[in-house]
Amino acid sequence: MFLILEIACENKRHIYIYNLIRKENIERYDEAMLVACLQGIANRQKPVVYVISENNTQPEYWLKKFSAGTGWLRDTKADTLKSMDALFELVRSRINGAVIWDPHVPATINVATTIAGVENAVVLSPEFAEKYLEKWGIPVVRDLRGMFTGKESGSAKNDAYRWAIKNYLSKGRCYMHRVFLSEDAYSTRAKGDIGYVVTRDWAVHKGSFVFDLSPWGDEQPQDDPEQPLGTDLETYKMMLGEILRQTDGKEMTEIAGFFPFSKYSNMPDHPSRHEAVPTEWESVFLMSPYNCYQNTAASYCFNQSFHSQAPVKKLKQHRPSVEKKLENKTYICILMADYDSATPLYEFLYKHWEDKQRGKIPFIWGINPNLIETYPDIIEYFYNTVSENDYFGADASAAGYINPNRILPQYLPLFIRHNQKFFNQLDLTIAPMVLDWDEPADQVKDAYAQFSPDGFATIIYDFHTETVKHPKPEVWKGMPVMDLHNHANEFKSVGEAAKAMSGAIPTGEATPAFHFFRIVWTSPSNVIAGIEELKRIRPDLDIEVTDPYNFFNLFKEYYSNK
């Protein structure tokens, strides 16, 4: 249990802590679903309810972090809610009723979440309906049991989502800046997997649309093998088309969450012609023309409706002097990559951040600036605790994971405005990992030059044809443009990573030369050891690991004269 710190201070912030204690799988799932609804509604005006869990220490870690020192929760009085009844009583006046979902159609857990957010309701399983409806004296807003049979589309799953699109999304009743790709109850409830249940406070808080569909049209998904081929994809496009119609080119939409691996990609329990990473790419390829970007992994990201209300201010990065003299060296820059979605930012960036060797050499850390809307306090914490060798850039692909070449030309001004907003708020001027299916078009480079003038690096892979391309190094209207090496991204070992980096640097390469490496979820200590090993096995190279600003500035100086 969380220990409440007594703080001698008047006019304290007052919050209530609910603890998800260990329960049997189905009851754990149903409880987490109900708590998420109550929390999302409770936190609408101000941060009031904070959820911790006996199965996950991360919520307590961040609560203690922000309650200490000068943290924004330092003057907070915290009381523990001892029961579900106590949590309900805290929110009772704002609850209009309950939505009962249908376990025979697992997708209805998502439809019910959508309804709950819009109608100020709670989502109940049939078992929890028996337990709480009469006890709490609340009406049933909607009973989804038996509503969806597959009569319309040949798929009960898709009938449910199409009904929700028609009755909620198409009528402008949902929050359009963020929708949620949250795994439904197909296999999760029986396993007690609440990873995409505890995140639903954020969906309910905003009244967002929630879905779980396959991006592939050439095979049936695991959870609905009898559906007519392509039905999931058809519904997915219906939803995206409605999002575009509703937003009308005035704002971009975040799709928060990730596809379920075993339902839509090749896994031991589900043979498929599509591997997991191409399924991720296909999802982004699909959504990009609709002005949608993805915040991928969000599983077990607790308390988003709470953290989102931390004080937000414009952040500032330190800048090094860019007066380095260009020499005949092999310049290397390291992107500490893939902290661009909620899960790595929330759950394990801090572990690498606490590495004692962080600061020994320069790194640029890749984050998603859009997450300032979700976890502003966590991002500010990292900004406030940088060393002189830590810098930030927008990871995959700017302010949100998108394929820029897929943006329709008429929406590029919107894309520019969207990115300028977030790049300005986080003081970002470098886009170090733009993921796309083709080389950046001139209009795409024009767009990036307006918010990422200090550097643009890209990985280009057309996964439909398995074609890899490498952009020519150039300076485009003052913006350095180059390739991002993906050779050492997995960093399986120091030796393998050094060999991978060495393989990207040709023997006898003319200098000065510039190599930018993407390394995923690896400690600073291991990366430093990898660089030392690279120097050992490549004594022919005069290597200098350079901060991103000097790296791109020297690159710019060199290629401006080519």
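E466 is exposed, with a relative accessible area of 63%. Here exposed means over 50% relative accessible area, buried means under 20%, and partly exposed lies in between (1.4 Å probe, protein chains only). The model is predicted, so local features need pLDDT of at least 70 and side-chain atom pairs count only at pLDDT 80 or more, while totals for chains, interfaces and linings use all residues. Residues are numbered from 1 along each chain as its sequence is written, and side-chain values use heavy atoms, with hydrogens and water left out.

E466 sits in the loop between β15 (455-462) and β16 (467-469). Helices (H or I, at least four residues) and strands (E, at least two) are DSSP runs, numbered from the N terminus. The phi angle of E466 is near 55°, a positive value in a residue other than glycine. N303 also has a positive phi, near 60°, and is likewise not a glycine. Its loop runs between β10 (292-295) and α12 (304-307). N303 has a relative accessibility of 1% and counts as buried.

Two cis peptide bonds are described next. One joins A396 and S397, with omega about -5°. S397 belongs to the loop between β13 (390-394) and α16 (412-425). Another joins T511 and P512, with omega about 5°. P512 is placed in the loop between α18 (494-503) and β19 (513-520).

Strand β1 (residues 13-20) and β2 (residues 49-53) run parallel and are joined by 5 bridges. Two strands pair if DSSP finds at least two bridges between them. Y18 has V51 of β2 as its bridge partner. β1, helix α1 (residues 25-42) and β2 form a right-handed β-α-β unit. A crossover is right-handed if, with the strands pointing away from the viewer, the path from the first strand over the helix to the second runs clockwise. Strand β2 is mostly covered, and 5 of its 5 residues are buried. Both of its faces are covered. V49, V51 and S53 are buried on one side, and Y50 and I52 on the other.

Helix α3 (residues 84-91) has the buried residues M84, L87, F88 and V91. Seen down the axis of α3, these residues fall within an arc of 100°, so they line one face of the helix. The arc is that of the directions from the helix axis to the C-beta atoms. The buried residues of α3 pack against β1, α1, β2, β3 (76-81) and α5 (126-136). Contact here means heavy atoms within 4.5 Å.

Helix α17 (residues 442-449) was examined in the same way. Its buried residues are V444, K445, A447 and Y448. Down the axis of α17, they fall within an arc of 155°, so they line one face of the helix. They pack against α16, β14 (430-436), β15, β17 and β18 (479-483).

Strand β17 (residues 474-476) contains E474. At 13% relative accessibility, E474 counts as buried. Not counting residues up to four places away in sequence, E474 touches K445, M479, P480, V481 and F555. E474 and K556 are 82 residues apart in sequence, and their C-alpha atoms are 7.8 Å apart in space.

D212 lies in the loop between β8 (208-211) and α9 (231-247). Its relative accessibility is 0%, and D212 counts as buried. The side chains of D212 and Y264 are joined by a polar contact of 2.7 Å. A polar contact is a pair of N or O atoms within 3.5 Å; within protein, one must be able to donate a hydrogen and the other to accept it, and residues adjacent in sequence count only if both atoms are side-chain atoms. Leaving aside neighbours within four places in sequence, D212 is in contact with N110, K157, Y161, L181, S182, E183, D184, P260, K263 and Y264.

The cysteines close the account. A disulfide is a covalent bond between the sulfur atoms of two cysteines. The cut-off used is a pair of cysteine sulfur atoms within 2.5 Å. A search of the whole structure finds 0 disulfides. The sulfur of C37 is 14 Å from the closest cysteine sulfur, in C174, too far for a bond. C37 is buried, at 0% relative accessible area. For C174, the closest cysteine sulfur is that of C292, 13 Å away, again too far for a bond. C174 also counts as buried, at 6% relative accessibility.
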